[in-house]
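Here are my notes on the model you sent over. Have it open beside you while you go through the points.

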Amino acid sequence: MKQEAFQTDVLVVGSGPMGATTALALATYGVRVQVVNRYNWTANTPRAHITNQRAMEVLRDLGLEDDARRQATPWEWMGDTLFTTSLAGPEIARLRTWGTGDERIGDYLQASPCPMLDLPQNKMEPMLVRHAAARGAVFSFNTEYLGHEQDADGVTVRLRDVLSGREYAVRARYLVGADGARSKVMDDAGLELRGQLARAATAYVLFRADLSRYAAHRPSILYWIATSNAAFGEIGLGLLRAIEPWSQWIAGWGFDMEKGEPDFSPEEIRRKVRILVGDPDLEIEIDNASVWYVNQAHAPVYSKGRVFCGGDAVHRHPPSSGLGSNTCMQDAFNLAWKLAFVLRGHAGAGLLASYSLERAPVGAQIVARANQSRLDYGPLNQCFREPGAADPVAAGLARLASPDAEGVARRAALAKALGLKNYEFNAQGVELNQRYASAAVMADPDAAEETWARDPQLHAQASTRPGAKLPHAWLVGGDGRRVSTLDVVGRGKFTLVTGLAGQAWKAAATEMDLPFLRVVVIGEPGALDSYCTWQALREIEESGALLVRPDGIVAWRRHSGEGLDPASAGAVLDTVLANLLDRAR
């Protein structure tokens, strides 16, 4: 079929974190992409907000890190997560979270050049859309997806203009379903979803009030409130979440779905918020009230033919652990370069099968982790609750503060329960330790099974084994400033990384003259290992080589290049690239 028959190369349904990041990356790579959204703009509420280091690395690669930093609540303000009787009342405990504590800050600084940030979805999405549009992506808001039909050459997508009612079709080479937790694209493609939907519910109220006198001296984005007035559900705690420190907030509490929707009358909202804040005279401005449901479901397969789904469509879970939008953006980053390589003729269509193989296990993992994080509040609640008492929380807190043996035991249990919450709030390993297995990764035949030096959920482990993210190490660039190893790879290309002793690899790659392959010799000007950190992390000889994918994942490594001349090194690279990219040698 002629190129003219296609109005776009990739049609994306949905402009959330998955859809907008897909569009941004594809536009950055020079691919024609169109995004449709049935609504008239992007997210109108804060929703997702935690932006972890891996998602920040995606933004860094796509040139948006500085923009994100300007708009976000900074890392240091994410700070301590508080457990308290109310915002104005006595505290129960604090937990150093998101890697800001003295024991963990070094882990986070060593693992990535990027900080964590708190960037609400109603700021993240417009930022992604704005940059994607500036780079050539076409956005069609007020446009509803109706259905699709695919064939050997492409996908015909039926759409409707919401304002006029006009129905029409767009012909694309590939379709991406990023249409959220009620994905019609996924349903139409016949993709399976496993698990349970809507097993619990939470009420959220977005409001404005100046609470700086309660929060500015102990900055945090999450304040958990232990009160018998908000003790329903798995978590059993009320929540105050800082959106705009310290003037805009979300108040949250669980409710019984069997009794219907919660009471969102202004009087009841004010009563609930005043209890959580601990100020009976507090005046608030109510912006929005809504409910969301706790899901525990994932898709085992993300694609069918020319249709690819990602984001909340394929992994549906509560916001606990802050994994939602981060995982959506990483789905997009994984898929976009593969689509670009196939569309530009750098790879065969077989490369696209690796998307589902790599990302579906991650989706299953984060769904399980987010739901387990909710259950992990149980031991914490037991420390300050007294079942059967007129006010279980007040009675439990009195026992917790008691100087007797029971008080001692409860305080010891509290310390243990707080430690368990590190798996929600300091789980750097969950965020960074993905290990991909697919045809887009060539396993190292000389490597034994990976052993974890520390808990793999809590701690990131740097590794150059194929399937892992390239380790971060600070190099010194040509201008004398620090540059991360992650900054000299990516940007839509494969990168061959070697050392000064790997001249055969450099000569071979230069001779191949492939438009999608660059060479970085660490030790040459522009990439000096002045701190000798890379030498300690690379896990190969200086004459060896790593092949790093556009998404920063190590695709292949060779421990040594001793005895290789440029011709033999070129033959090795040619074979490796042919296998990884499903292309002819």
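1. Start with Tyr 145, which sits opposite Leu 159 of β9. The pairing behind this is antiparallel: β8 (residues 143-150) and β9 (residues 155-161) are held together over seven bridges. For the terms, helices (H or I, at least four residues) and strands (E, at least two) are DSSP runs, numbered from the N terminus, and two strands pair if DSSP finds at least two bridges between them.

2. Before going further, keep in mind that this is a predicted model, where local features need pLDDT of at least 70, side-chain atom pairs count only at pLDDT 80 or more, and totals for chains, interfaces and linings use all residues. Residues are numbered from 1 along each chain as its sequence is written, and side-chain values use heavy atoms, with hydrogens and water left out.

3. Next, look at the open four-stranded sheet, ordered β22-β21-β23-β24 with mixed pairing. β22 (517-522) and β24 (554-558) are the edge strands with one partner each, so each has a side with no neighbour in the sheet. From one strand to the next, the twist averages 20 degrees. Inside the sheet, β21 (residues 494-499) and β23 (residues 545-548) run antiparallel and are joined by four bridges; Thr 498 has Ala 545 of β23 as its bridge partner.

4. What lies across this sheet? Helix α19 (residues 566-581) lies across β21, β22, β23 and β24, at about 155 degrees to β24. Axes here are lines fitted to C-alpha atoms, for helices over the stretch in contact, and angles run from 0 to 180 degrees between N-to-C directions.

5. On to the cores. A nonpolar core is a set of buried Ala, Val, Leu, Ile, Met, Phe, Trp, Tyr and Cys residues joined through side-chain atoms within 4.5 Å. The largest one has 93 residues, with Phe 494 and Leu 581 making the most contacts inside it. Helix α10 (residues 324-343) gives this core its largest share, 11 residues. A second, separate core has 34 residues, among them Trp 98, Trp 224, Ile 243 and Phe 384.

6. Phe 384 deserves a look of its own. Its place is the loop between α12 (378-383) and α13 (392-400). Is Phe 384 buried or exposed? Phe 384 is buried, at 1% relative accessible area (buried means under 20%, exposed over 50%, partly exposed in between, with a 1.4 Å probe and protein chains only). Leaving out residues up to four places away in sequence, Phe 384 touches residues including Ile 92, Ala 226, Leu 237 and Arg 410 (contact means heavy atoms within 4.5 Å). Phe 384 and Arg 410 are 26 residues apart in sequence, and 8.1 Å apart from C-alpha to C-alpha.
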